[in-house]
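This report looks at a helix packing and at a group of aromatic residues. The sequence and the structure are shown first.

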Amino acid sequence: MAELLTDEIIIEYLENEHGLQEEPDGPVILELIESAYGSKLNNDSSWAEGHEDLICYYQSTADSFENDVYYYLDNAGWSEQIIDSLTNGGDVWCDPNIWDDIEYDFNYELESWYRDYYNDKMAEAEDELLDTGEYTIKEHDE
């Protein structure tokens, strides 16, 4: 007789089989993103290496400015843009002075991204477990 599939079973399965924690902190999520998407966030060196897809730094500009210059973008906006670049396989360099200002918001946005990612993985795990035939989503009448 198949066992009732609960969230607890799915959460345990994700942790044991896929190494996914239910509520990891920012650095763990960032490590997952870098590993899964082949990207890298560099926020501790004083200069970009030149191959990055996104570079975040302060620069004074006049009316003639380069492409993709953002004036007064808030920390959450920068954080979302960094995460988008990383999850699309791009490398990012962020000036350590900017990083000090946005790190808190970045970790908040990472956790928000992870909730969506984890919910998708829970749905996939539910399907995987149901396909084994060992579980059911409906209780049986006894």
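Tyr114 and Tyr117 are both found in helix 4, three residues apart, about one turn of the helix; helices are DSSP runs of H or I with at least four residues, numbered from the N terminus. The model is predicted, so local features need pLDDT of at least 70 and side-chain atom pairs count only at pLDDT 80 or more, while totals for chains, interfaces and linings use all residues. Residues are numbered from 1 along each chain as its sequence is written, and side-chain values use heavy atoms, with hydrogens and water left out.

A search of the whole structure gives five aromatic pairs, where rings of Phe, Tyr and Trp (its six-membered ring) pair if their centres lie within 6.5 Å. Tyr114 and Tyr117 form a tilted pair, 5.9 Å centre to centre with 35 degrees between the planes; planes under 30 degrees apart count as stacked, over 60 as edge-to-face and the rest as tilted. Tyr114 is buried at a relative accessible area of 5%, and Tyr117 also counts as buried, at 16%, the term meaning under 20% relative accessible area (1.4 Å probe, protein chains only). One aromatic cluster is formed by Tyr37, Trp113, Tyr114, Tyr117 and Tyr118.

## Helix 1 against helix 4

The axes of helix 1 (residues 7-18) and helix 4 (residues 96-131), lines fitted to C-alpha atoms over the stretch in contact, come within 9 Å and cross at roughly 100 degrees. Helix 1 is therefore roughly perpendicular to helix 4, a term for angles of 65 to 115 degrees between N-to-C directions, on a scale from 0 to 180 degrees.

Note on methods:
Helix = DSSP H or I, 4+ residues; strand = E, 2+ residues; numbered from the N terminus. Parallel < 35°, antiparallel > 145°, perpendicular 65-115°, else oblique. Buried < 20%, exposed > 50% of the residue type's maximum accessible area, 1.4 Å probe, protein only.
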